[in-house]
Amino acid sequence: MAKWVRFQLNGGLAEGKRLISEKNFGEMHTPQMAMRPEDAGRNWNPLSVQHSYAMGWFLGEYRGYRLVNHGGAIDGFRTSVTLVPSEHLGIVVLANLDSANMPEALRWEIMDAVLGLPSRDWDTELIAHFGQIERDGRARTERFRNSRIAGTKPSLEAPGYTGRYENPGYGDILLYAPRAGLCWLLGEAPKLRS
């Protein structure tokens with residue numbers, strides 16, 4: 001990961017050798033799509049005014065510094081890669097705690113320390129941030145459950161919706177009901193046994 005971060009900070013050079021043209025490398029860190037800052041995120045980064053997505057990277061700013069970052073999570077592992085190009089600073093946090101906010105909190109703590117910025121209690125702030133997101137999600141689910149009209153049911157039982165449907169964007173979609181519920185497949189229909 002350190003080599004990858006150095007490659008990113010060096011503009012596509014690896015050990016002095018150009019692997020990606022300057023033009024194509026610049027395109028990788030250029031905004032391709034604007035992103036709306038989420039309301040809860042504004043609370044812990046109120047000075048952030050611009051968020052966008054580049055080619056595999058999220059772009060934004062933090063306390064006046066331009067950031068290039070991306071994270072990921074799978075099978076209980078999390079990563080956070082953050083670049084501060086103007087300072088030639090790269091931070092990589094790897095964790096084996098999928099649902100913890102530690103990678104993000106540690107990233108911000110490291111940036112504050114290295115850049116000489118006033119420190120904040122990032123762990124506490126992110127626990128509150130993600131807790132609010134979870135509470136909002138539960139409230140939406142409850143509103144959805146409460147909005148159901150009692151005594152209603154689908155127009156047809158699941159087998160009544162089976163068949164092949166065509167869509168110009170997705171192609172053929174096959175809906176079938178093997179035992180309970182409804183399943184769908186894209187593309188070719190499987191050979192079903194009765």
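Which residue in E7 is the bridge partner of glycine 72? I looked it up and found threonine 79.

**Ground rules.** I noted that the model is predicted, that local features need pLDDT of at least 70 and side-chain atom pairs pLDDT 80 or more, while totals for chains, interfaces and linings use all residues. Residues are numbered from 1 along each chain as its sequence is written, and side-chain values use heavy atoms, with hydrogens and water left out.

**Terms.** Strands (E, at least two residues) and helices (H or I, at least four) are DSSP runs numbered from the N terminus. Two strands pair if DSSP finds at least two bridges between them.

**E6 and E7.** I followed E6 to strand E7 (residues 77-84) and found 7 bridges in an antiparallel arrangement. Histidine 70 has valine 81 in E7 as its bridge partner. The two strands form a hairpin with 2 residues between them, and aspartate 75 in the turn has a positive phi of about 50°.

**E5 and E6.** I then checked strand E5 (residues 58-62), which pairs antiparallel with E6 (residues 65-74) over 5 bridges. Leucine 59 is partnered by valine 68 in E6. This hairpin also has 2 residues between its strands, with arginine 63 in the turn at a positive phi of about 50°.

I traced an open, antiparallel sheet of 6 strands in the order E3-E4-E5-E6-E7-E8. E3 (33-35) and E8 (89-95) are the edges; each has a single partner strand, so one side of each lacks a neighbour in the sheet. The twist averages 25° from one strand to the next, with angles from 0 to 180 degrees taken between N-to-C directions of axes fitted to C-alpha atoms.
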